[in-house]
Amino acid sequence: MDSVLQVQNLTKRYTRSHLGRTTVSRGVDDLTFSVRQGEVFGLLGLNGSGKTTTLKLILGLLFPTSGEVKLWGGPAQSGEVRKRIGYLPEVPYFYRNLTPVEVLRLYGTLSQMDAALVTSRTAEVLKLVKMDHAAKKPMREFSKGMLQRIGLAQALLHDPDFLVLDEPVTGLDPLGIRQSRELVTELNKRGKTILFSSHSISELERLAHRVAILSDGKLVRLIEESDWRDHPGRLEEIFIDTLQKSGAAL
Amino acid sequence: MNRLRSIIAIARTTVIEQIRNRLYLVILFFGGLVLVATALLGALAPGHRTRVIFDLGLVTLELFGLATAIFGAVSLVLQETESKTIYLILTRPVNRSTYILGRFVGLVVAVGCTMLAMAAFHLGVLVWDMEYFREFTEGWSFATVYPMLLLMSMGKMLITAAIALFFSLFATSQVSALVFTASFWIAGHFGPELKFLIEKGSAGGPAATIAKTVASVLPNFQYFNFRDTFQLPGFSGWEFMGTAAIYCMAFTGFFLVLSTLWFSRKEF
């Protein structure tokens, strides 16, 4: 199966200087993994394990200290590649004084969609995330859950082939979590490749085909769906066991 | 073509954001209020009523234009970085230079519109009493001078906004970016005096070289001083305007290039 994403020996170290003292901290260390075409790939780890750093390195928000990221075999920074990526941050922030329609028009144009397509897709995705009733309200009036739905709408607007979802169920109510899960399943059925970071084991258990466990910036285990499917709670056991073996502070 | 569309989209969003920003509306409101106050002050100077409204109005217009430009430039990128709204822009096929240009163009359009609105209001106050106004403009062309003065104020605003944008990229707080920009703006009005002091005060050596370099980096707003020069003998309007336009473009361009270089290395 072809790889959509290839991460090769990816390392990120943060260097900070203060009053002549330089401190170096580790973000991620020597990560190597790939995400196959059409799969849902999960990144699982505790807070601070390097999940968001990994996603930011893939998306070009951070620059690697060493190693490389390739998407569809090419550099992750190229415009042609970026057009095919949809990203949902952990907590999507938007311009408070703008409406969802205005924000989606901006993101659609930046994704190089033509104006007519932006208009039609805006209506479609707002309906899909059940936010069409609030299309022209300023977003300062929105709850966290509503913002998360708009976040999902902007990630899907340009019909990307590869979706990067950072903690997509954070802030959603139980109904929202269920709808989000159904949406991920549906998108994957339509052939979308999904990279999904979470510390919600139950969500990964239901959605992912493979899961990479991160601990202290390192990839400590890569597991296949067959290892936990039909064994409820098995993924949690594997996760705890892996962390204990890796010496993570639990 | 895609790049231009992206710049326009970011600029349009910036204009909408600015216009709906409460701080922006407060500044605009106070600007209008001060313009009304100039009319009241004018009433205290019999015989010079229109002169007072003209002078104070132009100063108000420039200062409030600059205030919106500085606050806008400083808060745009800094707030966007803090609020993380920038993630959703930079993860799309958008160059970082496109983002900086779009933001700058949007800010300049928003502030330019504010200044034009305030100028319209100022003109209304000026021509309120037509008799005084006719007397005041006798011997010079108001219709040429006023737009020129407005253009020169906008030129200064452009440079100051570019400087503010640059400082906002590496400042850790809005206050420090504001202080840096305000220092440059003040120093820009004392360019010739600064050069004179450097030449007089230093006998040479590394200190003098450093001082001269610093002075040359600071903006020189004397290039925009149309008001004190247009009535001088031998004054050439085209030459003045050409020099001011070239200086404005070069200085603004320089700071935009610096901003782009810095921003392209910035991590989020």
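The lining of the second largest pocket comprises nine nonpolar, four polar and six charged residues. In these classes, Ala, Val, Leu, Ile, Met, Phe, Trp, Tyr, Cys and Pro count as nonpolar, Asp, Glu, Lys and Arg as charged, and the others, Gly among them, as polar. This is a predicted model, in which local features need pLDDT of at least 70, side-chain atom pairs count only at pLDDT 80 or more, and totals for chains, interfaces and linings use all residues. Residues are numbered from 1 along each chain as its sequence is written, chains are lettered from A and ligands numbered from 1 in the order in which they are written, and side-chain values use heavy atoms, with hydrogens and water left out.

Confidence comes next. The model has an ipTM of 0.88 and a pTM of 0.88. For chain B, the mean pLDDT (the predictor's confidence in each residue, from 0 to 100) is 87, with 98% of its residues at 70 or more.

Back to the second largest pocket, which holds about 450 Å³ of space. Its lining has 19 residues, and B:Glu62, B:Ser153, B:Lys156, B:Asn225 and B:Arg227 are the closest to its centre. Two or more lining residues come from each of H3 and helix H7 (142-170) of chain B, and H3(B) gives the most, with five. Helices here are DSSP runs (H or I, at least four residues; strands are E, at least two), numbered from the N terminus.

A pocket is an open set of points on a 1 Å grid over the protein atoms alone, with protein on both sides within 12 Å along at least five of seven lines, whereas a cavity is a set where a 1.4 Å probe fits but cannot get out; lining residues have an atom within 4 Å of a point. Grid points are joined across faces, edges and corners, and a volume is the space filled by probe spheres set on the points.

The largest pocket has a volume of about 580 Å³. Of its 21 lining residues, A:Tyr95, A:Arg96, A:Asn97, B:Glu17 and B:Gln79 lie nearest the centre. Helix H1 (2-19) and helix H3 (49-83) of chain B each supply two or more of the lining residues, and H3(B) again gives the most, with five. Eight of the lining residues are nonpolar, seven polar and six charged.

Finally, the structure contains one cavity of 30 Å³ or more.
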